[in-house]
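Subject: Handing over a structure

Dear colleague,

I am passing the structure below on to you, and I would be grateful if you could look it over before reading my notes.

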Protein chains: 4
Amino acid sequence: MAQGLKVAVIGGGSSYTPEIVEGFINRYDKLPIRELWLVDIEAGRHKLEIVGALAKRMVEKSGLPISVHLTLNRREAIDGADFVSTQMRVGLLEARKWDEHIPNLHGVIGQETTGPGGMMKALRTIPALLDICRDIEELAPNAWLLNFTNPAGMVTEAIRRYSKVRSIGLCNAPIGLAKWLSAKYDTTPSHIYTEFVGLNHLHWVTRIEVEGVDRLPELLDKRAEYSGKNVPASEWDPDFLRSLGGFPSYYLKYFYMTDVMLEEQLESLKGGGTRAEIVKKVEDELFELYKDPELQEKPKQLEKRGGAYYSEAAVNLMESLYGDKRDIQTLNVPNGNTLDFLPPDACIEVNCVVTGQGPLALPVTRVPEQAKGLIHAVKTYERLTIRAAVEGDRDVALQAMAAHPLVPSVRVAKRLLDEMLEKNRPYLPAFF
Amino acid sequence: MAQGLKVAVIGGGSSYTPEIVEGFINRYDKLPIRELWLVDIEAGRHKLEIVGALAKRMVEKSGLPISVHLTLNRREAIDGADFVSTQMRVGLLEARKWDEHIPNLHGVIGQETTGPGGMMKALRTIPALLDICRDIEELAPNAWLLNFTNPAGMVTEAIRRYSKVRSIGLCNAPIGLAKWLSAKYDTTPSHIYTEFVGLNHLHWVTRIEVEGVDRLPELLDKRAEYSGKNVPASEWDPDFLRSLGGFPSYYLKYFYMTDVMLEEQLESLKGGGTRAEIVKKVEDELFELYKDPELQEKPKQLEKRGGAYYSEAAVNLMESLYGDKRDIQTLNVPNGNTLDFLPPDACIEVNCVVTGQGPLALPVTRVPEQAKGLIHAVKTYERLTIRAAVEGDRDVALQAMAAHPLVPSVRVAKRLLDEMLEKNRPYLPAFF
Amino acid sequence: MAQGLKVAVIGGGSSYTPEIVEGFINRYDKLPIRELWLVDIEAGRHKLEIVGALAKRMVEKSGLPISVHLTLNRREAIDGADFVSTQMRVGLLEARKWDEHIPNLHGVIGQETTGPGGMMKALRTIPALLDICRDIEELAPNAWLLNFTNPAGMVTEAIRRYSKVRSIGLCNAPIGLAKWLSAKYDTTPSHIYTEFVGLNHLHWVTRIEVEGVDRLPELLDKRAEYSGKNVPASEWDPDFLRSLGGFPSYYLKYFYMTDVMLEEQLESLKGGGTRAEIVKKVEDELFELYKDPELQEKPKQLEKRGGAYYSEAAVNLMESLYGDKRDIQTLNVPNGNTLDFLPPDACIEVNCVVTGQGPLALPVTRVPEQAKGLIHAVKTYERLTIRAAVEGDRDVALQAMAAHPLVPSVRVAKRLLDEMLEKNRPYLPAFF
Amino acid sequence: MAQGLKVAVIGGGSSYTPEIVEGFINRYDKLPIRELWLVDIEAGRHKLEIVGALAKRMVEKSGLPISVHLTLNRREAIDGADFVSTQMRVGLLEARKWDEHIPNLHGVIGQETTGPGGMMKALRTIPALLDICRDIEELAPNAWLLNFTNPAGMVTEAIRRYSKVRSIGLCNAPIGLAKWLSAKYDTTPSHIYTEFVGLNHLHWVTRIEVEGVDRLPELLDKRAEYSGKNVPASEWDPDFLRSLGGFPSYYLKYFYMTDVMLEEQLESLKGGGTRAEIVKKVEDELFELYKDPELQEKPKQLEKRGGAYYSEAAVNLMESLYGDKRDIQTLNVPNGNTLDFLPPDACIEVNCVVTGQGPLALPVTRVPEQAKGLIHAVKTYERLTIRAAVEGDRDVALQAMAAHPLVPSVRVAKRLLDEMLEKNRPYLPAFF
C-alpha cells in the first residue's frame, strides 16, 4: 500500500457517488487513495458517465493525485483493489417499486429492507454479489468489501457464509444517531457512547452516555423528536417506549406500529406513489444537476436523497482498517459469541473495535428480554431467505416469507411469493 | 411410601376428576394410592361434592383400599403428599369467556393458552399457583407437582423459577398423537418413536418412526387427517407443510393460518358463542350425569370435553416417577442445554426419560430453522408474562402483550391490555 | 433384518471371542443372529482358527441356526453387516509391552489407554480403524460399529469425526460397577441408577441410587472395597475421596495417586514384567484350553483375562439398538451440549437412552468442579493425539504428549515421543 | 470529579509506591489527581512514613496541586475515592518465603502466584481484600478497584463474585511485552497489536503484529531472547515452541519445563535463598535510599525490584477509565462469553477496550487447542481455591491443591496443605 490505495466502487453510477468522492478528498491525509474505479453495468452506462465526470471535476478541483477511472469491466476495477464498496441496485428503482407496491396491495407493509420487499431485494442481490465475490476471491483476495447494499444484514451474512471475501456491512443509522445526539447535547461524537444490539434495521440502542451521563431514560421519554429521513415520523406510545429497554431503530416502527405505518403507506400510494417513485424523482433531478459542467462539488440537494452520512461511514471504516485505528464503530459482522441465542455465523449490528485486521465485535452489556424474540424471528426469516437465494429453492422461500413477523399468514405469504417471484423473474434465474 | 401414596388434586371439583380416578383404579398395581384428596375452594364446593361422591362410588366399586377425601382445606390435602396435581381454573369459565371474547372484538385470536387470552390466564393463575407452592414447600417438600393447568408451559416455568417445588408440566397432545399414530398404523405406542421440539402448544414433531420406519414425510403429506378436539380443523397448505421440517402442533394453526382461524372464531361467536360457552354447556350436562347415585364409572360423555388422555398422561408420569421406570415421555421441563438459543430455565416441551429422581430431557436431533424464530418470539412473550404476573408490573405486561406474534401492534396491545386487566381485576390484585 | 442379523467381529481371533459367542447364544431370542463373521489378519490366522473352531462347537451345542464364518477377507465379513464389532490390537501384545515399558524407563506411568502408552496405541489404531471405516461406508453404510478397541474414547471420536460410520464406544467399567453394586446391595441392576460424568477411563460417578436411596456418600467412605481387575488396588485418601463429588473410575488412580501407582509399576516390572507380559501368559494358557476339541463353552479361566462383562455390554447394546429398547446405558458418544465446556464433537462417557436410531446422551445433573480441569486436560491430549494420528504430524504429537497430565515436562515428552515413535515405526507409516 | 480525583493506595508503604507517584505526576494533565491517600496497617507504619515522605518530596518538586495523605485509617482513605489500588502483601515477605520454600522441600515448584504457594497467598489475601471491599461498597460504591495484588487473577475473580465492587486485575506482563517488542522492532507500542489468551500468569499471545506485519512465527523461533525479570531464563524446546500456537507467558515455563525450573529453584535455595529472600534484600536497600531527605524522585534501583511498568499499567488504566479513552489494554476481567469453555464469571486475562463505564473484553480470534486443557486445569484450581478461601473449607482446599498441575499426587497435596496451612495459621483464622 506504500503508493496509495486502490478503491473500486461497484454501482459507481449511483447518485450517491459524489458523497463518497467528497469523503475521499476530505480524508486524503489519513486515507491516501491513489486510484478510484467507478464500475457499473451496461444499463447504467449513461449515469456512470454523468456522475463520473462530476467525480473527475471534484478531484481536479481538490488538486489531489487521485486518478478516477470509469469502467464497465468489473474485473479490471477489482484487480488488486484494497477496498471494494458496493452500492448497487439489481433491478433498479423499478424493482423497488414492486417490492413496496405488491405487499401494500395485500395489506402488508411494503419496504425494501425487510418483509416481503426486503426478501425480494435479497433474492435479487445475493446471487449478484456472490458473483462479484468470486472475482474478488481471485483478483483481490486481501481486499475489504464494504457492503452498503440493502438489505445489508442479509447480504453481508450471505457473503460471509458463501464466500471467502472479508466483508463488512454498513449502515448510516449509527452515525446518524451520533450526529443527532451531538447536536442535541452540543458535544462531539467522541464524547458520546452508544451501544447497539440487534440486526441491521432492527436494533435497540441500550446505552446512551453523553459526556459520561446516562441519557437513555431521558431520551426514551422524548423519542418522537428523532426520526429518520427514510421513515415517516409516527408517535411512539410513551408507556411502551419507557419500558422498551432501549432506544429503538426507526425501522422498528414497522413492527411495533404496523397498523399506523401501513395506513401511511396506503395514503402515500394515493399521493406521490411508493417511496421508490419519490426517490426516482429526486434522483432524476440530481442527475440533471450533475450534468452541469460547472459543478465541482457535491450538491446540497443530495442530502434529500436519504443516505446521509453513508460516505462518512465508509470513509471512517476504511481509515480505521487502513490505519489500525482501533476506534469503535457500529457494523454488521458475524455474531461470534456476542448474542448467545444466535449462531456464530449470523450477521448482527453491533459495536466493534476496528483494527487493521478487521473489526472485533464488542460484548453487549445487556439485551432487553423484549427484543430477543423479535430479533430471532427476523433472523430466522433472514437465514431462510439467504438459503433460498443461494439454492433457488421456492419451498424455502415460502418458509422465509411465512416466518416474517409482518406477514400475517401462510395464505398471504404464498400469494405474495407467487406474485413477487413472477414480477422479479428476470432477476431470479435460479427460481425458474 | 411403603404403605401407599398420598395424592392431592387441587381443583378436585373439576369435571375431569372421574378420569383421573379411573386412572388410579386401573393402575393400582403399579401405583398404589392409599389416600386421594380432592380439594377445592369455597366457590367450587357444590361441584366438589357431586364429583367427589362419584369418585367415592367408583373406588367403592373397584374394591381397592383407596380412601377418598373431600376438603376445602388445602393445607390438609397437601400435607405429606407424594403427588400434587393441579387442574384449577382461576375465574372459572366466565373468565375464559372474556379471554376468548375480548381479543375477538379487536380482530385478534382469542385463545385461552396463548395470545392475549393465554396471557390473562397466566396472570390469574401464576400467583395462585405460587401460593399453593408455598404450602407444598412447607408441608410436602418432596412432593412432585404435576401441572395440567394451562397455560401449562408458562405456569410450570413460573413454578420452577419462583419456588423450590419440583414441578412438571403436562399436556395431552403428545399422548394423543401416539394414540392416533398407533391406530393409524395398527401398532402399539411402544413401537412408535416421536421427537418433540418446541414449547407447550407450540411444538413441531421432527421425528416419527413407526416400527423403525420414518413416517414423517408421508404424514406431512396427509396432515389434514389429523386434528385435535380443541382446535377447529383447517386445511394446511400442502407446499408449506411439506417443507416445514416437522409435524406441527394443531395450535400452530393459530400462527400460520391466523386469518382462517380468526374467521372461524368470529363465525363461531355468532353461533354457539366462544369455546368457553360451549364447554360450559358440556360441563353442566356432565354434572347432571355425575349426580346420578347409580353412576359408578366415568361416563362416556366426558370424552367430548376435550381433555382426552389427561388422566393417562398423569398416571403414566406418576407411575414412572414412583417406579423409576425410565421410559420416554414428552413433558414440560426446564430447557437446560437442550435448545441452545433459550436460557437454561426456560420451560420447553421435550422428550424426557422419567427416572425416580425426575425427568431428564433428551437432546433433540434437529430443530427446523423455520421453528426457531417463532419459538423464541413466543418464549419472549412467556417470560415477560411470567415477570408481569410475579411483579404485577403493567409496563412489563404491555411489553409481553406487544411481543406476542398474534398481536398486530402496540396500539392494539395497549387497548387489549387495558380492557382485559380491567375485566380480570378481581383476580389480579397485584395490578390494582 | 427379517431373517436375522449379520455380525462381523474384527479381530475375531481374540481370546475374548468365546465370551461374545456365549452372549449371542444366551440372548438369541432378543437378538437373532443369523451370521457371525470372525475376521482377522494373516498374522492372527492361527488364533482365529483355534478360537473359531471353539465358537463353532459352542454354537453347535446350542442348537441355534447361527452360521459361524472365519475369514481373512475383511470386506466379505463387513458386506451387508448389521453390526460390526472391533476388538483388535495393532502391534499385538508386543506393542503394548513397549507402551507400558518405555514410559516406566523415564519415570512415567506406562498404561495402554492413557498417557504416552495410550497415545501410541491411538496412533497405531486410529488409521487402521479409519481404513476399516472406509469399507463399512461402502459395504454396510447402515451398520453400527461397536468399538471396544482401546483407547476407546479417542478411537470412537476419531471415527465420528473422520468417517460417516455410526460408531459407539464401549467399556466394561459401567456394567462392572452395576454388577458390583447389585451384589453389594443384593438387588438387581434395574433397581440401581448411576450417573457417569467424564471420558472413557476418566469418569466420576456422581449419582448412585440403589432402590431409590442415595448411596454415594456411603460409598465414598468405603471406596477401597472396590477395584478393577486391570488396575492394582491402592488406598484412596479418605478426606480426598469424601470431598471428590463422585465415585472415581479406578483409572483415576493414575492421576491422583501417580506416585503410588508408579512405584507399583516399577515393582511389578521387577517381578512378572509389564501388564502386557502377564496378559500374554494368560492368553497363551487360554489358547491351549481353546484347542481342546471337547470344549464347547467359554472356559472359566477367561474371567482372569480382565475384560469381564465386555460381551454383556456388547450384547446389551446390540439388543437395544435392534429392538429400539430405550433403556439407559453408559456409552462413549459425541458430547453434543452435554458438557458445556467441551466441543460438541468430543467423545465423552455418559448415560444414554438407546433407541433404534442410536443413543441419545442424557444431560448430567452435576459436574464436580474438581473434575472439569482434569477432563479438559485429558481431552486436549486426546484431540491433539487424534489430529496427530490422522495427519501423521510429529509436532502435533509432541504437543499432545506434553499436554498429558502424567507427562512431567516437555523435555520428557520429547524423549518419550522420539523413542516410542521409533519403536512403533512399523505401525506408523504416516510418521516416517 | 470536577475538582480532581481522589486515589487511595492500599499497601501504600510498599517499595513500589514511588513508581506510582511518578506516574501520577507525569500524567497529571490527563489524570488530575487531587488527593493521594497512602494507607497501610500498623505493622507497616515505619515503611509508610519513609515512602510517604519521599512521595511528598516528589510531589512538592513537581509543583502540582496534589495533596499526599498518610494514614492507618483505611476507611478515611477509601471514603469517596474515585480509584482504589491495592499492592498489599498479607504476611509480608516472610509468608512468601514459606510459599516458595515448603513446596521445594517436597520436590514441588515454589511460586507465589501459582501452585501451592499461589494458593496460600490467595487464602491469606482474599478474605483481607473482601474485607476492604465491604468498606468500598459502603464508602465509595462508584470507585474502581485496581488490583495488582497477586495472585491477581484469583483475587480479582473473588472480588467480582463475592462483592459488588467494580474491580479490574492488572499485571505488568502485557505492557512489558509491548515495550520489548517496540524496542526490538524500533516502533511505538501503538503500532503493535498483540492478542492475549488465557489467565493471569498463564497466557499465550496468539497474535503479534508489528506495523501490520505478522511477527508471531518469527518470534516463536527466537523465544529465548525474551525473559521476564521475575523468572529465570531457560531455553524453550524449539520444536515445541514452533507448534505451540502462541508466544508463551514466561510463567508457562513452570508448567512446560517443570524439571528445569525446579532444579534452578533448588540450586537457588542453596545460594541466595528463595526469591522472597532475594527480594527482601533489594527492598531493604531501597528503603535505605528512600530515607535520604535529598531524594526527590524514584531511584533507578527500583527497577531491579521486578515490578517494572506496574505504575504505567495502573496510570494507563485510570486514565482510560477517567477519560473514556476506549483504547485496548490487556486486563483481568470476567470471561463473559469470551472463552466458551469457562463460566461467565471466571476471570481471564484478555484484551479489553477500556471505556468510561469499564472494560469490554474483546473476542479472541483463536485459542490454541493445546492451551485449553491447561487453562481449564489451572482455572479449576483457582475456583476451588477461591471457594476454600471464602468458606474456610479444608476439604475444598485439598481438592484445589490436588487439582493443580504442578502438584504430583494427592499424597503430596495433603502433606503440603497440612504444613502450609499450619505455617499460615495466623493469617487464616477461618481454617482454625
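This is a predicted model: local features need pLDDT of at least 70, side-chain atom pairs count only at pLDDT 80 or more; totals for chains, interfaces and linings use all residues.

Residues are numbered from 1 along each chain as its sequence is written, chains are lettered from A and ligands numbered from 1 in the order in which they are written, and side-chain values use heavy atoms, with hydrogens and water left out.

In chain A, strand β5 covers residues 144-147, with W144(A) and L146(A) pointing one way, L145(A) and N147(A) pointing the other way, and all of them buried (under 20% relative accessible area, with a 1.4 Å probe and protein chains only). Strands here are DSSP runs of E with at least two residues, and helices are runs of H or I with at least four, numbered from the N terminus. β5(A) pairs in the parallel sense with strand β4 (residues 83-86) over four bridges, where pairing requires that DSSP finds at least two bridges, and T86(A) stands opposite N147(A). Four bridges also join β5(A) to the parallel strand β6 (residues 166-169), in which S167(A) is the bridge partner of L145(A).

In chain B, strand β2 (residues 33-39) is largely enclosed by the rest of the structure, because six of its seven residues are buried. Parallel pairing links β2(B) to strand β1 (residues 5-10) over six bridges, with V9(B) opposite L38(B), and to strand β3 (residues 67-71) over five bridges, with W37(B) opposite H69(B).

As for the contact of chain D and chain A (heavy atoms within 4.5 Å), 21 residues come from chain D and 20 residues from chain A. The two chains bury about 1,600 Å² between them, 56% of it on carbon and sulfur atoms; buried area is the accessible area (1.4 Å probe) lost on putting two parts together, summed over both. R326(D), N337(D) and L360(D) supply 35% of the area that chain D buries against chain A, more than any other three residues.

With best wishes

How values were computed
Buried means under 20% relative accessible area, exposed over 50%, partly exposed in between (1.4 Å probe, protein chains only).
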